[in-house]
Amino acid sequence: MSSEERDGVSAAPVPPRRAALLVGTAVVVYALDLVTKILVTANLEGEPPVRLLGGLVYLDLIRNPGAAFSMATGMTWLLTLVAIGVVVAIVWVIPKLRSPGWALGLGLVLAGALGNLTDRLFRAPGAFQGHVVDFVSVFGPNGEYFPVFNVADSGISVGGVLIVLMALLGRDYDGSLTTKSEKKAATGE
């Protein structure tokens, strides 16, 4: 019997770890990214953009040596190291992770980081300098209106928005509340 039980005070149950949700999300999104990149490179290399949904979306193979929006094109090696750092940071958080929202968001970011990291490590022109395969262009071909992206980029973007939303709502990755009003409401003060 714990001291809290002897004193008649019950401790709030600790929410379960969310590692399975994070890992499951990361595996599914990473696999989807990898499969789509394999299909796109096999079928669109040297081909004109494929128009879908009346021109709302185009499938257009672009090899991107930079970061999102084609920034930092000469810094591929640095982007590779940043992606490795993101993966390490997310893995470090897993044992403390108890929030489903954070688990989903971090799983999406992890999948995106791994997807683009795979390209940087294994695609031409070589390790730590590989170009990321981007293929979704919206509103026009060749990134005319919006930068061309891939499933990994989408995972990073959606995951990032979810993480920011969780932070704005005062939910921490360990399941705790971070805003004073919610802490007071939870403790009855």
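1. Basis of the values. The model is predicted, so local features need pLDDT of at least 70 and side-chain atom pairs count only at pLDDT 80 or more, whereas totals for chains, interfaces and linings use all residues. Residues are numbered from 1 along each chain as its sequence is written, and side-chain values use heavy atoms, with hydrogens and water left out.

2. Overall make-up. The protein has six helices and three strands, which from the N terminus run α-α-β-β-α-α-β-α-α; helices (H or I, at least four residues) and strands (E, at least two) are DSSP runs, numbered from the N terminus. Of the 189 residues, 37% are buried, where buried means under 20% relative accessible area, exposed over 50%, and partly exposed in between (1.4 Å probe, protein chains only).

3. Lys-37 and its surroundings. Lys-37 belongs to helix α2 (residues 19–44) and is buried, with a relative accessible area of 0%. Its side chain reaches the backbone oxygen of Gly-115 at 3.3 Å, and the side chain of Lys-37 also makes a polar contact with that of Asn-116 (3.3 Å); a polar contact is a pair of N or O atoms within 3.5 Å, where within protein one must be able to donate a hydrogen and the other to accept it, and residues adjacent in sequence count only if both atoms are side-chain atoms.

4. The structure holds four salt bridges, each defined as a side-chain nitrogen of Lys or Arg within 4 Å of a carboxyl oxygen of Asp or Glu. One of them joins the side chains of Lys-37 and Asp-119 (2.8 Å, N to O), linking helix α2 to helix α4 (residues 100–122) across 82 residues. Asp-119 is buried, with a relative accessible area of 2%. Asp-119 also forms a salt bridge with Arg-123, the closest N and O atoms being 2.8 Å apart, and bridges that share partners join Asp-33, Lys-37, Asp-119 and Arg-123 into one network.

5. The Arg-63 pair. The side chains of Arg-63 and Glu-45 meet in a salt bridge at 2.5 Å, N to O. Arg-63 lies in strand β2 (residues 57–64) and Glu-45 in the loop between α2 and β1 (50–52), so this pair ties together parts 18 residues apart in sequence. Arg-63 is partly exposed at 36% relative accessibility, and Glu-45 is partly exposed at 45%.

6. Trp-77. Trp-77 is placed in helix α3 (residues 76–93) and, at 46% relative accessibility, counts as partly exposed.
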